[in-house]
Amino acid sequence: LDQNYMLMADLDLSGYSGFYINNFSGKFEGNNHVIKNINLTQSGKNGLFNAVYGTMQNVTFENVYKSNNAAYHAIVAVSNRYGKFYNVHVKNMTIEIGENVKHSNMYVGALIANANQANISYCSATDITIKSVSESVGMNAGGLVGYGYGMFITNSFAQNVDISIENSVSVNGVGGLVGREAWGGVGNITNSYATGSIYSNSAYVGGLVGQSQGYISDSWSSVD
């Protein structure tokens with residue numbers, strides 16, 4: 001999909017577990033509406049959007065449940081430098097990953113699982129529960145974004161997150177806002193915060209970011 005779309009009313013996806021948008025490169029204007037009751041349980045589905053290489057703005061995703069055998073877990077699985085997210089919110093989301101789900105790398109976040117050079121501003125994740133007992137290698141889990149390479153996050157937050165990562169063979173980062181912020185030559189996190197709790201036996205755990213190789217300024221966390 002590469003056209004421009006505007007949401008004209010709230011959208012209830014109850015009973016539509018197969019609803020899925022593969023690659024989106026247009027502009028999605030949510031018009032301050034809500035997409036709610038999202039059930040992402042179909043095998044292999046990475047998110048409601050597999051990839052966003054365009055603009056998403058002014059929309060809230062509410063009451064979301066995700067549990068399947070995918071390597072990516074979020075509303076948006078993947079984005080890149082063309083991805084722009086403004087005033088996008090996720091509320092009341094639960095992600096559960098079972099012990100039989102095994103991948104060489106896993107990316108888990110409420111809004112974006114893997115955000116390569118994406119621009120994220122005035123976005124949030126509230127009341128987010130992430131529970132994983134997967135024995136995967138290379139876990140990246142965050143309240144808002146799982147993994148980011150050279151991304152920009154400004155004026156955004158993850159609030160009341162409850163993240164538990166157990167049994168992973170290795171962990172790249174578990175954080176209240178971002179799991180791992182990798183160095184990409186550019187990118188930073190500014191004026192952002194995270195609150196909630198994290199449980200993981202990994203060394204790469206942080207209230208704001210689990211592992212950071214980028215820039216962070218004017219940001220804070222209150223995460224147990």
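This is a predicted model: local features need pLDDT of at least 70, side-chain atom pairs count only at pLDDT 80 or more; totals for chains, interfaces and linings use all residues.

**A chat about the structure**

Reply: Happy to! Residues are numbered from 1 along each chain as its sequence is written, and side-chain values use heavy atoms, with hydrogens and water left out.

Me: Where is Trp-183 found?

Reply: Look in the loop between β18 (178-182) and β19 (188-190). Strands here are DSSP runs of E with at least two residues, numbered from the N terminus.

Me: And what is Trp-183 in contact with, leaving aside neighbours within four places in sequence?

Reply: Tyr-149, Gln-213, Gly-214 and Tyr-215, where contact means heavy atoms within 4.5 Å. Tyr-215 is 32 residues from Trp-183 along the chain, and their C-alpha atoms are separated by 8.8 Å.

Me: New topic. How many salt bridges does a search of the whole structure find?

Reply: Two. A salt bridge is a side-chain nitrogen of Lys or Arg within 4 Å of a carboxyl oxygen of Asp or Glu. One joins Glu-135 to Lys-102, with the closest N and O atoms 3.5 Å apart. Glu-135 sits in the loop between β12 (124-132) and β13 (139-142) and Lys-102 in the loop between β8 (84-97) and β9 (106-108), so the pair ties together parts 33 residues apart in sequence.

Me: Which side chains meet in a salt bridge at 3.3 Å, N to O?

Reply: Those of Asp-162 and Lys-131. This pair also links distant parts of the chain, with Asp-162 in strand β16 (residues 157-165) and Lys-131 in strand β12, 31 residues apart. Asp-162 is partly exposed at 28% relative accessibility, and Lys-131 is partly exposed at 33%.

Me: What about Lys-66, which strand is that in?

Reply: Strand β6 (residues 55-66). Lys-66 is buried yet has no salt bridge, and the nearest side chain of opposite charge, Glu-96, is 11 Å away. For charge, Lys and Arg count as positive and Asp and Glu as negative, with His and the chain ends not counted.

Me: So what does the side chain of Lys-66 make a polar contact with?

Reply: The side chain of Asn-68, at 2.9 Å. A polar contact is a pair of N or O atoms within 3.5 Å; within protein, one must be able to donate a hydrogen and the other to accept it, and residues adjacent in sequence count only if both atoms are side-chain atoms.

Me: Last one: is His-89 buried or exposed?

Reply: His-89 counts as buried, at 16% relative accessibility, and its place is in strand β8. The His-89 side chain makes polar contacts with the side chains of Asn-87 (2.7 Å) and Ser-124 (2.6 Å). Leaving aside neighbours within four places in sequence, the residues in contact with His-89 include Val-59, Phe-61 and Tyr-122.

How values were computed
Helices (H or I, at least four residues) and strands (E, at least two) are DSSP runs, numbered from the N terminus. Buried means under 20% relative accessible area, exposed over 50%, partly exposed in between (1.4 Å probe, protein chains only).
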